[in-house]
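Keep the sequence and the 3D view open side by side as you read.

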Amino acid sequence: MQLTSSRKIALLFGATGLVGSALLDELLAHDAYIRVIAPTRRKLHKQHDKLENPLLNFDELEDYAGKLPCQDVFIALGTTISKAGSKAAFRKVDFDYIVKGALVAKAGGASQCLLVSSSGADQESRFFYPRVKGQTEEAVKGLGFWATHIFQPGVLVGDREEFRLGEKIGIGVSNLLRSISPSILGNYNPTKVKVLARKMVEAAQEMKAGVQVHRALELLEEEQ
Ligand SMILES: NC(=O)c1ccc[n+]([C@@H]2O[C@H](COP(=O)([O-])OP(=O)(O)OC[C@H]3O[C@@H](n4cnc5c(N)ncnc54)[C@H](OP(=O)(O)O)[C@@H]3O)[C@@H](O)[C@H]2O)c1
């Protein structure tokens with residue numbers, strides 16, 4: 001495996017999403033990347049000299065093994081149980097697609113994997129959502145990338161067109177608790193999407209081997 005810190009190709013899964021679109025902007029603007037390959041199931045409304053946007057059926061992700069060359073893979077895939085329609089459909093995206101995406105990237109030469117997970121992720125949890133998130137983290141760690149960065153944001157703060165009640169409640173409760181005690185939320189602090197994206201791209205430039213977990217407290221803006 002050859003490690004490079006410039007003229008890199010980034011592979012980005014989830015570019016149509018809230019975190020993914022912020023990541024896409026960061027990656028396209030960063031000098032370390034000469035190409036950004038962002039496979040999606042619906043076309044991106046963005047055009048850029050560095051950007052390639054293959055359309056694919058994520059149920060056939062395995063077919064792309066070795067066909068998507070990259071050094072760094074950024075994974076910001078995910079859904080909600082209500083959007084997916086069932087726990088099984090949620091797991092298909094938040095576990096199967098993420099792990100298969102990471103495998104495809106590894107087959108394409110990726111040495112670094114940067115994954116968006118969630119605060120509270122825990123493979124032993126008795127609750128479904130954090131358990132799936134934790135299982136996904138463990139599966140991705142097990143793939144043995146030279147560097148694996150796992151980001152565990154709190155509730156996401158960004159400009160989402162779609163209305164998500166859970167997110168709105170999470171942000172409201174967090175703001176209330178923080179007004180009572182600024183330090184009360186710890187690693188359940190809300191995370192600004194732009195800060196998360198910037199920190200993910202910065203982490204990929206550190207070239208630090210092994211597994212790093214970035215918790216919500218680390219994802220606060222310095223002045224927050
Ligand atoms: N929301 C929060 O407050 C919060 C908090 C902590 C962690 N997280 C985690 O952060 C990650 C990113 O969240 P986000 O809010 O940016 O997600 P998002 O806006 O819902 O975007 C998710 C991405 O996954 C893709 N995707 C979903 N279902 C798919 C399917 N069946 N086939 C192919 N692609 C599919 C979406 O593509 P389409 O656009 O085509 O649907 C989109 O690109 C997720 O893993 C989430 O669990 C979220």
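Helix 1 gives the most to the shell around the ligand, supplying three residues. Helices here are DSSP runs of H or I with at least four residues, strands are runs of E with at least two, and both are numbered from the N terminus. Bear in mind that this is a predicted model: local features need pLDDT of at least 70, side-chain atom pairs count only at pLDDT 80 or more, and totals for chains, interfaces and linings use all residues. Residue numbers start from 1 along each chain as its sequence is written.

Helix 1 (18-29) and helix 3 (87-107) each put at least two residues into that shell. A residue is near a molecule or strand if its C-beta atom, placed from the backbone, lies within 6 Å of it. Of the 21 residues around the ligand, Thr-16, Gly-17, Leu-18, Val-19 and Gly-78 come nearest. By class, the shell splits into 10 nonpolar, seven polar and four charged residues. Nonpolar covers Ala, Val, Leu, Ile, Met, Phe, Trp, Tyr, Cys and Pro; charged covers Asp, Glu, Lys and Arg; the others, Gly among them, are polar.

Seven strands form an open sheet in the order 3-2-1-4-5-6-9, with parallel pairing. Two strands pair if DSSP finds at least two bridges between them; strand 1 (residues 8-13) and strand 2 (residues 33-37) run parallel and have four. Look for Ala-10, which stands opposite Val-36 in strand 2.

Helix 1 turns up again here, packing on the sheet and touching strand 1, strand 2, strand 3, strand 4 (72-75) and strand 5 (112-116). Contact is called when two C-beta atoms, placed from the backbone, lie within 7 Å. The direction of helix 1 makes about 170° with that of strand 1. Axes are lines fitted to C-alpha atoms, for helices over the stretch in contact, and angles run from 0 to 180 degrees between N-to-C directions. Helix 4 (residues 128-141) packs on the sheet too, touching strand 5, strand 6 (147-152) and strand 9.

What about helix against helix? Helix 1 and helix 6 (residues 193-206) pack at about 50°, with their axes 9 Å apart. That makes helix 1 oblique to helix 6, since angles under 35 degrees count as roughly parallel, over 145 as roughly antiparallel, 65 to 115 as roughly perpendicular and the rest as oblique. Their contact includes Leu-18 and Val-19 of helix 1, and by class it has 10 nonpolar, no polar and three charged residues.

Helix 3 and helix 4 pack at about 15°, with axes 9 Å apart, and are therefore roughly parallel to each other. Their contact has eight nonpolar, two polar and four charged residues.
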